[in-house]
Amino acid sequence: MASFLLIATAGSAARVPNAELKKQVAAAERAFAATMKARDHAAFKNFIADEAVFFSGPGQPPLRGKVAVAEGWRQFFDEKAQAPFSWEPEEVEVVESGTLAYSGGPVYDPNGKVIARFNSIWRLEAPGVWKVVFDRGSQVCDCKK
């Protein structure tokens with residue numbers, strides 16, 4: 001009986017509008033980026049899904065799982081006074097079901113120069129709680145056209 005009530009309640013819950021979900025994901029991405037600026041590795045870990053996959057770069061195997069991602073990224077949170085890079089969302093999209101989202105945007109060096117782009121997939125793990133499941137950065141082309 002309790003499981004029936006849970007299902008019935010979940011089915012009748014008001015759906016959060018897509019625009020609001022996009023705002024949630026953008027806010028989560030900004031808060032995630034703020035952990036780097038604040039040099040707060042513990043807070044950084046809170047944004048990573050348990051089964052996350054972060055791509056490490058060409059020729060490198062991806063980091064799999066929250067523990068591996070946290071350890072792999074620890075180097076960026078060393079006791080340096082200034083963060084080695086920063087990022088911010090430029091694009092955010094959420095699937096119609098409201099359970100997965102994409103965020104992407106520029107990555108800056110400490111002087112504000114764009115050095116890369118990030119692409120992240122977020123999963124809704126609880127109402128209003130988004131965690132990064134996939135993350136991949138790519139270098140920006142300094143091409144002459």
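**Exercise 1. Which residues does Gly 65 touch, not counting residues up to four places away in sequence?**

Before we start, a word on the source: this is a predicted model, in which local features need pLDDT of at least 70 and side-chain atom pairs count only at pLDDT 80 or more, while totals for chains, interfaces and linings use all residues. Residues are numbered from 1 along each chain as its sequence is written, and side-chain values use heavy atoms, with hydrogens and water left out.

*Solution.* 
- Step 1: find the residue. Gly 65 lies in the loop between strand E2 (63-64) and helix H4. Helices (H or I, at least four residues) and strands (E, at least two) are DSSP runs, numbered from the N terminus.
- Step 2: list its contacts (heavy atoms within 4.5 Å). Gly 65 touches Asp 50, Glu 51 and Ala 52.
- Step 3: Gly 65 and Glu 51 are 14 residues apart along the chain, yet 4.5 Å separates their C-alpha atoms.
- Step 4: check the cover. Gly 65 has a relative accessible area of 15%, so it counts as buried; the cut-offs are under 20% for buried, over 50% for exposed and partly exposed in between, with a 1.4 Å probe and protein chains only.

**Exercise 2. Work out whether His 41 is buried or exposed, and what it touches.**

*Solution.* 
- Step 1: read its relative accessible area. At 10%, His 41 is buried.
- Step 2: look for its neighbours. Leaving out residues up to four places away in sequence, His 41 touches Ala 70, Trp 73, Arg 74 and Phe 77.

**Exercise 3. Describe the hairpin of E6 and E7.**

*Solution.* 
- Step 1: count the bridges. E6 (residues 114-126) and E7 pair over ten bridges in the antiparallel sense. In one of these strands, E7, Gly 137 is the bridge partner of Phe 118.
- Step 2: look at the turn. Two residues lie between the strands, and Gly 128 takes a positive phi near 75 degrees.

**Exercise 4. Find what lines the largest pocket.**

*Solution.* 
- Step 1: note the volume, about 600 Å³.
- Step 2: find the lining. Of its 25 residues, Phe 55, Ser 56, Trp 73, Gly 137 and Ser 138 lie nearest the centre of the pocket.
- Step 3: assign elements. Helix H2 (18-37), helix H4 (66-73), E6 and E7 each give two or more residues to this lining.
- Step 4: recall the terms. On a 1 Å grid over the protein atoms alone, a pocket is an open set of points where a 1.4 Å probe fits, with protein on both sides within 12 Å along at least five of seven lines; lining residues have an atom within 4 Å of a point.

How values were computed: Two strands pair if DSSP finds at least two bridges between them. Grid points are joined across faces, edges and corners, and a volume is the space filled by probe spheres set on the points.
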